[in-house]
Amino acid sequence: MKVGIVGLPNAGKSTLFNALTKGGAQTGDYPFTTIEPNVAIAQVPDERLQRVAETVGASELVPATISFHDIAGLVKGASEGEGLGNQFLASIRETDAICHVVRCHADSGVPHPDGRVDPLADIETIETELTLADYEQTERRLERVTKQAKTGEAEAIAERDWLQAVLDVLAEGKPARTIPIPDAAPDATRNLGALTTKPILYVANVDEGDAEPPAAVAAHAAEVGAGVVAVSARIEGELAELDPAEAEEMRESYGVEGSGLARLVRGAYDLLDLIVFFTAGEGKEAVARPLRRGATAWESAGTIHTEIQDAFVKAEVIGCEELVSCGGYVAARDKGTLRIEGRDYVVQDGDVITIKV
Ligand SMILES: Nc1nc2c(ncn2[C@@H]2O[C@H](COP(=O)(O)OP(=O)(O)O)[C@@H](O)[C@H]2O)c(=O)[nH]1
Ligand SMILES: [Mg+2]
């Protein structure tokens, strides 16, 4: 799972990214590893994993992870090749969700590319570029799928109609996510690779001591179905340099409640609408695996390995709390709480699953 951090130049993307990488290492709440200068991996904190591992006697813990990518280069005209142009848009295309940093602080020492502070106008600038990029992409895809639909294939027809509806809303400047994906063409979004179908979290980079995002930003987020959090990237950056006790003291002096970074990481997880299931075996790894809410046992197998999915026969399933209270698989099987489920079983958050092949 990848989250792309975007925003206009000087919005505070890198400050926030650096705070995340340092802060995570410090507090241990969200351990981060920087794998490339602009890519950091965060572990999803989940105390259930520890208990599942102990119960089954697993040898190693493998937490779920989420990666944050600092994607620079979005400027006005990017969709027409300005700045990093298409290269930047391609990087966003590979992400599952977008974290959009919006300059809201009024520090005159930080230049704004347009020489004024106007969060809504900035949001519009970015979203216009994404919409324009999607418009072009949709036109191209529609041309291809229209040809396929001439054969009378039901899926191609559904996809064509969806693309036409998407093109119409994009022309009005609205995001593609406003058009529901047709049942008959479930891969339509993935095939298109649109930017405006991705869930968005606005990160309002506010003045020191501000706890709330500007009302206009919150209202816009509600209108487009996006999440929103307020942080001061600068303060979070400073806090990240301190040890936890000092950081707490400084937080109090600024009147900042809780860790802004924790709110950010939490907000990003919520955006992805993920649940977690576990796989764990004695002497083997205990793994926490993120899964799309509503996914089936068969789909869960696919997130482990395509070979396991191809060979799927059935799944042994138990809720993690039940497994822990039973004290292990053998006792759970004896008690009859370890269930056998087929490929269409809808996986629940916290399920411990063994795929039988
Ligand atoms: N006053 C203030 N300055 C900030 C804040 N966040 C970032 N900056 C400053 O804004 C400038 C641009 O930040 P940067 O993270 O490099 O922006 P990016 O271009 O989006 O990556 C830097 O000088 C930062 O120190 C903030 O919350 N408050
Ligand atoms: Mg930067």
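Predicted model: local features only at pLDDT ≥ 70, side-chain atom pairs only at ≥ 80, totals over all residues.
User: Which strand pairs with β5 in the parallel sense, and which residue of β5 stands opposite Gly4?
Analyst: The parallel partner of β5 is strand β1 (residues 2-6), and four bridges link the two. Within this pairing, the residue of β5 opposite Gly4 is His69.

User: How many bridges join strand β3 (residues 39-43) to β5?
Analyst: Strands β3 and β5 run antiparallel. Val39 stands opposite His69 in β5, and His69 also stands opposite Gly4. The bridges that join β3 to β5 number five.

User: Is Thr296 buried or exposed?
Analyst: Thr296 lies in the loop between β10 (285-292) and α11 (297-304). Its relative accessible area is 16%, and the limit for burial is under 20%. Thr296 is therefore buried.

User: Which residues does Thr296 touch, not counting residues up to four places away in sequence?
Analyst: Contact here means heavy atoms within 4.5 Å. With residues up to four places away in sequence left out, Thr296 touches Arg343, Asp344, Tyr345, Val346 and Val347.

User: Over the face of which residue does Arg343 lie?
Analyst: Arg343 is among the residues that Thr296 touches. Arg343 also lies over a ring, at 4.5 Å from the ring centre. That ring belongs to Trp298.

User: How many aromatic pairs does the structure hold?
Analyst: To pair, ring centres must lie within 6.5 Å. The number of aromatic pairs in the structure is zero.

Conventions:
Residues numbered from 1 in each chain as written. Chains lettered and ligands numbered in written order. Heavy atoms only, no water. Phe/Tyr/Trp six-rings, centres within 6.5 Å; stacked < 30°, edge-to-face > 60°. Lys NZ or Arg CZ within 6 Å of the ring centre and 35° of its normal. Pairing = 2+ DSSP bridges. Buried < 20%, exposed > 50% of the residue type's maximum accessible area, 1.4 Å probe, protein only.
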